[in-house]
Amino acid sequence: MTGILDPGTDKRLERSCGRDWIRRAPAEPGIERIEAFFTGHAYDPHRHDTYAIGFTVSGVQSFDYRGSRADSRRGNVIVLHPDEVHDGRAGVEQGFRYRMIYIEPRLIAEALADKTNALPFMRSAISSDPRLLRGVSRALIDLDRLYEPLERDRILTGIADALLALDTSLPSRGSLAVSATAVDRARAFLDAHFTRTVASEELEAITGLDRYGLARHFRARLGTSPYRYLTMRRLGRAKADIAAGRPLAEAAFVAGFADQSHMTRQFKQAFGLTPGRWQAICH
């Protein structure tokens, strides 16, 4: 594990020494991977609609989560559940460096489809479980390339199985009535139409569920609400465009936000950074 937990410093990051930075892996469906370094304050309170799973490479990574402070050190695994509010800051003067993978809940649900209909949940954000450490280390060992298809399957299965093993409260498959087909239809529709307003009646028509039943099933399977999922798809598009240098107002319009200020509010709530700061520190 030594090489994995100490990924080294490439030349691009050496030039960034002394200031905050974020490095992103190539984008792929349902997964985002980053490495970052921060001194002092890193993120305001925010929440993702993904699992955020990673490890601290150096320093102390401190954050508030579910009503208490957490401090992650080298060798600890961090697991943040979808829609749980958290922030981020350095726990020591030297700052902290970490790697993180963000996984859409549908991928975890698919990986566990033959075992449970519910999403695994860890009450503690920090773990030293060796199965989880192995899984997330494999996922984050190389940020410079896309996964090969079979590699991606192995990584998702390993992480999902480790999460399942750590949540003994999960019901077995069949004991929770979640309409997976209906939720997947709603998710696919939102993926295709996130740049416009989507009416509740549209989702009712394609799923066969009323809006309240769909909201319950959607959260059970994907860990968030349909509207939150829609908003995060818009933010994902804006985030990529902003990192590529697109002007903020244009990025907001293309992603389907009412205006730049609307995007800025949602962006900060989701990622703990303003769009301008994201653009400034993203490599």
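## Salt bridges in this predicted model

The structure holds 31 salt bridges, a salt bridge being a side-chain nitrogen of Lys or Arg within 4 Å of a carboxyl oxygen of Asp or Glu. This is a predicted model, in which local features need pLDDT of at least 70, side-chain atom pairs count only at pLDDT 80 or more, and totals for chains, interfaces and linings use all residues. Residues are numbered from 1 along each chain as its sequence is written, and side-chain values use heavy atoms, with hydrogens and water left out.

| Salt bridge | N to O distance |
|---|---|
| Arg-33 and Glu-28 | 3.2 Å |
| Glu-28 and Arg-152 | 3.3 Å |
| Glu-35 and Arg-97 | 2.5 Å |

Let's start with Glu-28, whose side chain meets that of Arg-152 in a salt bridge. Glu-28 sits in the loop between strand 1 (21-24) and strand 2 (31-38), while Arg-152 belongs to helix 5 (residues 149-166), so this pair ties together parts that are 124 residues apart in sequence. Helices (H or I, at least four residues) and strands (E, at least two) are DSSP runs, numbered from the N terminus.

Glu-28 has 12% relative accessibility and counts as buried; buried means under 20% relative accessible area (1.4 Å probe, protein chains only). Arg-152, at 16% relative accessibility, is buried too, and so is Arg-33.

Now for Glu-35, which forms a salt bridge with Arg-97. Glu-35 lies in strand 2 and Arg-97 in strand 9 (residues 96-103), so the two tie together parts 62 residues apart in sequence. Both Glu-35 and Arg-97 are buried. They also belong to a network of salt bridges that links Arg-23, Glu-35, Arg-97, Arg-99 and Asp-144.

Note on methods: Buried < 20%, exposed > 50% of the residue type's maximum accessible area, 1.4 Å probe, protein only.
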